[in-house]
Amino acid sequence: SVISNTYTLAFVLELVLRVVASGPGAFFCAPEKYWNLFDVVIVGISILEATVLLLGSGSSTQNLGYMRMLRIVRTARILRILRIVSFFRSLRLLLLSVLNTL
């Protein structure tokens, strides 16, 4: 739980820094606007999950239903890894191009 909350906090900070750095208008209208929107949704789900776990209110069956739903949606985090991999692929291509010109 502590590790999950730490990652959630890191993703929230990263998202806030990206929005502040580019400005809200540019963040949601950039060519990568769909990835940015996806990141906002994933971070929102992470915050919701952390809130549900911290509050722990309601009956256990109600919490179980919420947790099942959140865990299913949480698997979408894996797609974030695909974005990072594509970034590294682009970075690798850029570096190889620079090295080949030398």
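Student: In which helix does L94 lie?

Tutor: L94 lies in helix α5 (residues 77-101). Helices are DSSP runs of H or I with at least four residues, strands are runs of E with at least two, and both are numbered from the N terminus. This is a predicted model, in which local features need pLDDT of at least 70, side-chain atom pairs count only at pLDDT 80 or more, and totals for chains, interfaces and linings use all residues. Residues are numbered from 1 along each chain as its sequence is written, and side-chain values use heavy atoms, with hydrogens and water left out.

Student: Why is L94 called exposed?

Tutor: A residue is buried under 20% relative accessible area, exposed over 50% and partly exposed in between, with a 1.4 Å probe and protein chains only. The relative accessible area of L94 is 52%, and therefore L94 is exposed.

Student: Which residues form the nonpolar patch on the surface?

Tutor: The patch consists of F88, L91, L94, L95 and V98, which together have about 460 Å² of accessible area. Patch members have over 30% relative accessible area and no salt bridge; nonpolar side chains (Val, Leu, Ile, Met, Phe, Trp, Tyr) are joined within 5 Å, like charges within 9 Å. The areas come from the Shrake-Rupley method with a 1.4 Å probe, and for residues only the protein chains shown count as cover.

Student: What is the secondary structure of the chain?

Tutor: The chain has 5 helices and 0 strands, in the pattern α-α-α-α-α along the sequence.

Student: What makes the buried residues of α1 line one face?

Tutor: The buried residues of α1 are T8, L15 and R18. Seen down the helix axis, they fall within an arc of 95 degrees, so they line one face; the arc is taken from the directions between the axis and the C-beta atoms. On the other side, V2, I3, L9, L17, V20 and A21 are exposed.

Student: Why is L15 called buried, and which residues does it contact?

Tutor: L15 has a relative accessible area of 10%, and it is therefore buried. Leaving aside neighbours within four places in sequence, L15 is in contact (heavy atoms within 4.5 Å) with F27, D39, V40 and V43. L15 and D39 are 24 residues apart in sequence, yet their C-alpha atoms are 7.6 Å apart in space.

Student: What makes the pair E14 and R18 a salt bridge?

Tutor: A salt bridge needs a side-chain nitrogen of Lys or Arg within 4 Å of a carboxyl oxygen of Asp or Glu. The closest N and O atoms of E14 and R18 are 3.2 Å apart, and the pair meets the rule. Both residues lie in α1, 4 residues apart, about one turn of the helix.

Student: Why are E14 and D39 placed in separate classes of accessibility?

Tutor: E14 has 29% relative accessibility, so E14 counts as partly exposed. D39 has 1%, so D39 counts as buried.
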